[in-house]
Amino acid sequence: MYFKESKGFKKDFLWGSASAAYQVEGAYDADGKGMSNWDEFVRIPGKTFKATTGDKAVDHYHRFKEDVALMAQLGLKTYRFSIAWSRIYPDGDGKVNQAGIEFYNNLINECLKYSIVPMVTVYHWDMPQALEEKYNGWENRQIVDDFVRYATTLFRNYGDRVKHWIIMNEQNIFTRFGWLDGMHPPGKIDQQQLFYQVNHHAFMAHARCVVSLKEMYPDALVGSSFAYSPSYGLDCQPQNAMAKYDYDDLNNFFWMDVYGYGRYPKAAIRYLASQGIEIKMENGDEAIMKKAASLTDFMGVNYYQSTVVEFNDIDGVGTTHEMNTTGKKGTSTVQGVPGLYKNPKNEFLPTTDWDWTIDPMGLRYCCREITSRYDLPIVISENGLGAFDKLEDEKVKDPYRVAYLQAHLQELKKAVDDGCDVLAYCTWSFTDLLSWLNGYQKRYGFIYVDRQEDENSGTLNRYKKDSFYWYQEVIRTNGENL
Ligand code: BGP
């Protein structure tokens with residue numbers, strides 16, 4: 001739509017930044033923390049860029065006060081962070097580790113000291129390794145009970161001060177990389193049946209947590225964050241338009257329909273059945289999924305890029321289970337599902353050095369689609385640019401990051417004018433941090449952290465990038481002059 005004037009962001013709009021425990025905390029074995037699946041996975045040769053780990057990460061565990069003080073200087077209204085399950089339950093399902101509870105108590109209180117709203121992610125991919133060893137983690141239905149126990153422990157301890165909860169971070173990504181592409185733990189490849197079953201367990205964990213949280217704290221705001229790459233059909237050939245629909249049903253609506261409606265998309269279930277894949281459900285699952293959907297307050301969206309969809313012949317390309325983790329631009333290849341679709345490059349758009357398409361308007365598109373399809377408020381829980389940054393004379397000039405964020409915010413503002421109810425916008429990330437597969441050289445923060453791939457490198461000192469000052473001004477003016 002075109003509007004002569006913009007109404008702008010609401011007064012209490014939550015301008016934020018996000019992180020995840022494994023990517024920032026470090027202190028991987030401190031104060032009673034148990035090993036997580038990621039602590040183990042990064043030790044398998046060849047799994048991460050230059051064998052980087054989060055053992056030390058950017059030491060947020062010990063420097064959180066300094067980091068939160070910097071957030072306050074910037075003017076952040078919200079800090080989205082995740083909790084490491086293995087700090088709270090070192091064995092996954094045994095005794096609570098009080099030191100873990102205390103760490104997050106302190107972090108939450110530190111945020112509140114500066115009136116920064118803590119937005120807590122319950123699960124950002126790091127699961128106690130003990131559960132992997134005991135019963136293969138997400139593959140076993142038992143995990144739903146253990147997850148709900150873990151989450152309700154968080155609600156009980158922090159619910160008096162935390163109102164905003166994100167249950168799952170990018171369930172579509174950790175399951176795809178974990179059971180189809182072998183790039184995340186448990187590193188399995190092409191396990192279609194397991195992939196869908198694991199997803200069902202994660203959906204049940206999400207749904208039961210939503211219901212429990214609302215019973216304990218009816219005023220809490222809850223949702224899960226979906227890695228949403230909206231799709232564009234290649235052209236007006238009907239088979240490309242239909243391929244786009246197939247892509248959406250299997251890659252986007254499959255997750256968002258469960259969060260938003262409490263059910264799977266019909267065509268996707270039919271297709272899976274034709275492939276011999278059947279999701280095992282228990283009595284009552286459908287009712288809980290529906291109930292959770294009716295209690296869900298927002299759709300969380302992590303937006304980085306859009307996708308192009310073209311029909312893919314039955315003899316067409318499959319997937320190579322590879323991605324560009326080096327930052328050498330142009331090394332990605334076209335992948336797809338034979339008989340359904342493939343995802344060619346978008347000729348109209350530039351890409352990052354890691355071949356991620358840069359498409360600001362795609363963010364508005366996401367918001368419009370969610371608004372028309374689910375009529376839910378939206379939390380943009382991640383958006384940002386991974387780039388090679390250079391520290392020179394204690395300064396970082398990152399005009400490319402400012403340009404990226406500015407263009408995305410301009411589109412988000414238009415989405416608000418379109419009538420989308422956007423509650424928050426969190427950049428990824430506040431400080432530089434570990435990029436799961438891409439090491440420390442792929443930087444996202446407003447704060448440069450002095451460390452490289454090598455565990456013994458750098459002082460871990462923090463430096464404000466130019467983008468820090470730019471975002472400070474955006475927040476001060478509530479996004480008026482973008
Ligand atoms: C999302 C994750 C984040 C973060 C981000 C950037 O998928 O939720 O944890 O890592 O993407 O991705 P990457 O680090 O691969 O560049």
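Trainee: Of the 15 residues around the ligand, which come nearest?

Mentor: A residue counts as near when one of its heavy atoms lies within 4 Å of the molecule. Here Gln23, Glu170, Ser435, Lys442 and Tyr444 come nearest. This is a predicted model, where local features need pLDDT of at least 70 and side-chain atom pairs pLDDT 80 or more, while totals for chains, interfaces and linings use all residues. Residues are numbered from 1 along each chain as its sequence is written, and side-chain values use heavy atoms, without hydrogens and water.

Trainee: Which class does each shell residue fall into?

Mentor: Ala, Val, Leu, Ile, Met, Phe, Trp, Tyr, Cys and Pro are nonpolar, Asp, Glu, Lys and Arg charged, and the others, Gly among them, polar. The shell around this ligand holds 6 nonpolar, 6 polar and 3 charged residues.

Trainee: How far is the side chain of Gln23 from an oxygen atom of the ligand?

Mentor: Look for pairs of N or O atoms within 3.5 Å. An N or O atom in the Gln23 side chain is 2.7 Å from a ligand oxygen. For Glu170, a polar side-chain atom lies 2.4 Å from an oxygen atom of the ligand; for Lys442 the value is 2.6 Å. The protein buries 93% of the 380 Å² that the ligand exposes when taken alone (Shrake-Rupley method, 1.4 Å probe).

Trainee: At what angle do α11 and α14 pack?

Mentor: Helices are DSSP runs of H or I with at least four residues, strands runs of E with at least two. Axes are fitted to C-alpha atoms over the stretch in contact, and angles run from 0 to 180 degrees. Helix α11 (residues 253-261) meets helix α14 (residues 360-374) at about 50°, with the axes 11 Å apart.

Trainee: Where do the cis peptide bonds to Pro186 and Ser429 sit?

Mentor: Pro185 and Pro186 are joined by a cis bond with omega about 10°, and Pro186 is in the loop between α8 (171-179) and α9 (192-216). The bond from Trp428 to Ser429 is also cis, omega near 10°; Ser429 lies in the loop between β12 (422-428) and β13 (447-449).

Trainee: What is the phi of Ala27?

Mentor: Ala27 is not a glycine, yet its phi is positive, about 45°. Ala27 belongs to the loop between α1 (21-24) and α2 (37-41).

Terms used: A polar contact is a pair of N or O atoms within 3.5 Å; within protein, one must be able to donate a hydrogen and the other to accept it, and residues adjacent in sequence count only if both atoms are side-chain atoms.
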